[in-house]
Amino acid sequence: MADEKAAKTGPTKLVIRNIGLVLSGELKTPILDADTVVAVDGRISAIGKEKDLDLGGATTVVDANGTTLIPGLIDSHVHPVAGDWTPRQNQIGWIDSYLHGGVTTMISAGEVHTPGRPKDVVGLKAMAIFAQRAFSAFRPGGVRIHAGAPVLEHGMVEEDFKELAAAGVTMLGEVGLGSVKDGATARQMVGWARKYGIQSTIHTGGPSIPGSSLIDKDIVLAADADVIGHINGGHTALPDDQIISLCESSPRALEIVHNGNEKAALLTLRTAKELKQLPRVILGTDSPAGSGVQPLGILRMISMLSSLGDVAAEVAVCFATGNTAKIRKLDCGLVEVGRAATFVLIDKAQHSAGKTVLDSIQRGDLPGIGMVIIDGAVSAQRSRNTPPATRVPEMM
Ligand SMILES: [Zn+2]
């Protein structure tokens, strides 16, 4: 959208001033010393103090009114189907609802809820390419959906992965949701995918719904997919010793999801912290699912992990932003010059007992969202879904 606009009306320049706090999404430096962010044509061009920056020629000015700027949230695990509709609970407009929960980027873990999903090789390839194309061109509320994630079926050969990659497919859906459920075949196919630049995720834990099946620690380790999908189960978790073993024995990403076992989520977080491997922790909802859709799912995970898992709120935000962006190779997720100007402006919710927005999250409250900006354009103002923010930004 930013590109189209630039072609018609010349360059756009967004200035966000009077920011109370900037969270970077980067674990090493989660809080930046800045009160102003500038973006040109949808990319961050400067971050710093207002007095030091060139604010001239702005096409949009946002007065943040002392609120906190964080990178747009990334949901690392969704199951989209087509458009802004999910047949799982027969809802429309679910993606737009997530925008009002601060989610600006979604990663498909497979379009497996598609009614009549083809399971033959040519059919599954066609569906993946269709989903990749359709969701690249369709952005509800501006949300970017990375989709086109085929699940592994028996009969796929190396040439299929080469063909999928050449057609623009960049990731696999959850290994284990198709007919390939054994470690050896999964490992071979994940290897072919990796060879052609296709990232992989594996289902971890008990079956999600009737018809799916158990993937235990041994299969996860054998398959060696890039992301240990819902390590806390989706919803049924593996026993504690298997989760600890996955954290210790595999170098792969540890994906914690909302539609999983919360005790296992906290065990994963604690283990990753002890191993000094927090950069591996990423967050998803694993929705839509039997548990429905959760527009505030990622915010709820941040709050739950921060309050019960005893990590600072600014660190928990990194799990849903910078960590995921690095592991998923995305151009958003960090407040850094050159990155996509995709942000959420939050403040403590009205009547939270927290003294500041960070304190409120650490106490288990959700922050209120006052504005969502995607690629330098304002996509939403006061959220219709979060508790009301105490202060909200204004467009000048
Ligand atoms: Zn799953």
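How are helix 3 and helix 4 oriented to each other, roughly parallel or roughly perpendicular?

**View 1. Packing of helix 3 against helix 4 in the predicted model.** Helix 3 (residues 121–137) and helix 4 (residues 158–166) pack at an angle of about 20 degrees, their axes lying 10 Å apart, and the two helices are therefore roughly parallel to each other. Angles under 35 degrees count as roughly parallel, over 145 as roughly antiparallel, 65 to 115 as roughly perpendicular and the rest as oblique; they run from 0 to 180 degrees between N-to-C directions, and the axes are lines fitted to C-alpha atoms, for helices over the stretch in contact. Helices (H or I, at least four residues) and strands (E, at least two) are DSSP runs, numbered from the N terminus. Val-121, Lys-125, Ala-128 and Ile-129 of helix 3 meet Asp-160, Glu-163 and Leu-164 of helix 4, where contact means heavy atoms within 4.5 Å. By class, this contact of helix 3 with helix 4 has four nonpolar, no polar and three charged residues, with Ala, Val, Leu, Ile, Met, Phe, Trp, Tyr, Cys and Pro counted as nonpolar, Asp, Glu, Lys and Arg as charged, and the others, Gly among them, as polar.

**View 2. Helix 8 crossing helix 9.** The axes of helix 8 (residues 262–274) and helix 9 (residues 297–309) come within 10 Å and cross at roughly 65 degrees, which makes helix 8 roughly perpendicular to helix 9. Glu-262, Ala-265, Leu-266, Leu-269 and Lys-273 of helix 8 form the contact with Met-304, Leu-305, Leu-308 and Gly-309 of helix 9, and the classes represented in it are six nonpolar, one polar and two charged residues.

View 3. His-203, in the loop between strand 13 (201–202) and helix 6 (217–223), and His-230, in the loop between strand 14 (227–228) and helix 7 (240–249), are 27 residues apart, and both are buried, meaning under 20% relative accessible area, with exposed over 50% and partly exposed in between (1.4 Å probe, protein chains only).

View 4. Asn-232 is buried, its relative accessible area being 0%, and, leaving aside neighbours within four places in sequence, its contacts include Glu-255, Val-257 and Asn-261.

**View 5. Glu-26 in the loop between strand 2 (21–23) and strand 3 (31–32).** Glu-26 is buried, with a relative accessible area of 15%, and touches Cys-318, Lys-326 and Leu-334 when residues up to four places away in sequence are not counted.

**Notes to the views.** Residues are numbered from 1 along each chain as its sequence is written, and side-chain values use heavy atoms, with hydrogens and water left out. The model is predicted: local features need pLDDT of at least 70, side-chain atom pairs count only at pLDDT 80 or more, and totals for chains, interfaces and linings use all residues.
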